[in-house]
Amino acid sequence: MNTLIYTVVFLPMISAILCYLLGRFHKAARSCLANVVTGVIFGLCVYLLIQVLTAGAPETLAEIPYVCGMGLHFTIDGFRAVYGMIAAFMWFMSTLFSREYFSHYHNRNRYYLFLLLTLGATEGVFLSADFYTTFIFFEMMSFTSYVWVAHDERKESLRAAETYLAVAIIGGLVMLMGIFLLYDVTGTLFFTELTGAYSRLDLSGTETVRLWIAGICMLFGFGAKAGAFPLHIWLPKAHPVAPAPASALLSGILTKAGMYGILILTSYLFLGSTSWGSLILIIGVCTMVVGAVLALFSVDLKRTLACSSVSQIGFILVGVGMSGLLGEENFLAVRGSMLHMMNHSLIKLALFMAAGVIFMNVHKLDLNDIRGFGRKKPLLNYIFLMGALGIGGVPLWNGYISKTLIHESIVEYLELLREGAATGIFSVGWVKAIEWIFLISGGLTVAYMTKLYVCIFLEKNRDESVQAAYDALKGRYMNKASAFALGVSATLLPLMGFFPGVIMNGLADIGQGFMQVKAAAPQVSYFSLTNLKGAAISLVIGALVYLLVVRLWLMKKDGAGSASRSYINRWYRYLDLEDMVYRPLLLKILPAVFGFLCRILDSLVDTLVVLLRKTIYRDSKLPQELAEGTQLSHMCASIAEGLQKLGNKTFRKKQPRKTDYDHKFAMWHQQWSENSAVINRSLSFGLLQFCIGLIFTVIYLFLRDVFQLW
């Protein structure tokens, strides 16, 4: 088992270097090797999952001691095995699609290098057994995936990559501070040893505050990677400029690495804390709404999908928050949040690769430019429709199952509050409002996915020649390998939704132990009238928003007065958090404030130093620098001049002698210094010659003895 874990984590990293070297000589062989490696990793992850199921999740702790001081520690259980398999599957499909997608790109070697490095780092995160190991691979994952965003090196790509890296670095440093504080308070970083630490450990008031500070710092770091509000700013910027296979992984898996950390904080460190659950719930509600609104206003295909990822992360956070509030009754919330993580990963894999097919044919992403591309393309239509129905929460698709569970957990908490059997900062009215926000956000999801589907597959392009070119592509818009990758990814979505009792419940049963759920979950009738009612409300809201907002307000008639309408972006520029808040704060305000403080402190220090030197620590007079000679020659000259004056007075000479002994002795000193330097150099040269001669003598004696022996 340990060998399997090490292989899953480190084989992609070793293979990354081999792929890069191979690609210098044979690009096709490099692409094939990358496909083989990701396929092997997927197969090993499937085998790991089978081993966990048959062995009952053995207590396995794989350790590599002394690495970075504290060593690396890995473990395996049901949730880790499932998510490791999902990550490997997504990498395998994305790598298959990458060969065609990157056929006209530069720097493909670099892409494959960092693709495989990131795979190993991501698997390292999901298999980590302590926060230190998580942090090491988390930061490795951030830096290697940065290259994806900056891949084409355009101005907007480099700016988005700059934003991504800034958020990753700031989040990582804040997380590291939280890890330091956590270790200082608890004395351990292992997840299992931290179980219930908030309520189990005998902490003083100060230690409790420090534990909360540690938890919030770590939440900041994990939330930044997950794309939680208000640290979501990198997602809408990075996804449109990154290559589509990379976007699928950024949205589907790397955000879940952040969610992995938040799950651990909630299910281990702050287990049973309603205050922590309330905090996560508030962040989740804000993230859910902000992402949905941004996606609705967007007129860029990949930006819409990126903002949708922000919203879906909000749905997951709502489920995680409810699991903290419900305590031991958190079966539905735990299963819903875990399943929605898995569903969102697979859904975004299909949707972003479908967007990649459009981009590699059109090289555009604006909805007005790609309008009508999907007409007469049944396979692409099927792939995108499966993703749209899944993320929209339509019954019989996988997204409906997980959203229903999260919605039912909200309803359950609402009932417990009414009965007085639950505690928390929320009143019944607030929880009822959260339920409606949840349903409305689901409706906004339906609205913006309908907008994308209608634009690409039902409407015609305003330019008839462009539409004719789109229609002429027919079956030549992607090759068989890409069609296989996209088709398999899309088919999983209805398959999981059609058989929720077998597939979805089975996945939840495997993974729920990771979130400290011990008891069996109650049976859920997914297609009962009560559960279908929630989905129906969201679908009706989505239809109304699409008809009244998208068609009437977010579209306008063409200037030519034709019946066709174009999509417009009505999002106000000053609502961009990055440009209006983060960049001014980090690049202007904070440097100015701290620069001003440093100037004040620097002036204060200088003032104190001068004051002390003038009062307590009085300075001695600096010795006057002599024009020539040294202090010794000057002293000797003074003595000689004194003796000369004494002699003149004693012998009463009519013409007393006046000799400039100061200059004379100074010249003697200079001449003596030069002679000494010449002698020293001569001695050094002589010693050098002596050493060389001695070496040759020793060599001669050695060779003579050798020849004599021979």
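Predicted model: local features only at pLDDT ≥ 70, side-chain atom pairs only at ≥ 80, totals over all residues.
**View 1. Helix H13 crosses helix H20.** Helices (H or I, at least four residues) and strands (E, at least two) are DSSP runs numbered from the N terminus. The axes of H13 (residues 331-362) and H20 (residues 500-511) come within 10 Å and cross at roughly 115°. That makes H13 roughly perpendicular to H20. Axes are lines fitted to C-alpha atoms, for helices over the stretch in contact, with angles from 0 to 180 degrees between N-to-C directions. Angles under 35 degrees count as roughly parallel, over 145 as roughly antiparallel, 65 to 115 as roughly perpendicular and the rest as oblique. On the H13 side, look for Arg335, Met338, Leu339, Met342 and Asn343, which meet Met504, Asn505, Leu507, Ala508, Asp509 and Gly511 of H20. Contact here means heavy atoms within 4.5 Å. By class, the contact has six nonpolar, three polar and two charged residues. Ala, Val, Leu, Ile, Met, Phe, Trp, Tyr, Cys and Pro count as nonpolar, Asp, Glu, Lys and Arg as charged, and the others, Gly among them, as polar.

**View 2. Helices H1 and H2 lie side by side.** The axes of H1 (residues 2-23) and H2 (residues 27-55) come within 9 Å and cross at roughly 175°, so the two helices are roughly antiparallel to each other. The residues in contact include Leu4, Leu11 and Cys19 of H1, along with Leu33, Val40 and Leu48 of H2. The contact of H1 with H2 has 17 nonpolar, three polar and two charged residues.

**View 3. Two cysteines without a disulfide partner.** A disulfide is a pair of cysteine sulfur atoms within 2.5 Å, and by this rule the count comes to zero. The sulfur of cysteine 19 is 10 Å from the closest cysteine sulfur, in cysteine 32, too far for a bond. Cysteine 455 is in no disulfide either, as the nearest cysteine sulfur, that of cysteine 307, is 16 Å away. Cysteine 19 counts as buried at 0% relative accessibility, and cysteine 455 is also buried at 0%. Buried means under 20% relative accessible area, exposed over 50%, partly exposed in between (1.4 Å probe, protein chains only).

View 4. Most residues other than glycine have a negative phi, and most peptide bonds are trans. Glutamate 153, in the loop between H5 (131-149) and H6 (155-186), has a positive phi near 65° and is partly exposed at 43%. Lysine 376, in the loop between H14 (367-370) and H15 (378-391), has a positive phi of about 65° and is exposed at 57%. In the loop between H8 (205-226) and H9 (234-241) you will find proline 230; the peptide bond from phenylalanine 229 to proline 230 is cis, with omega near 5°.

How values were computed. Residues numbered from 1 in each chain as written. Heavy atoms only, no water.
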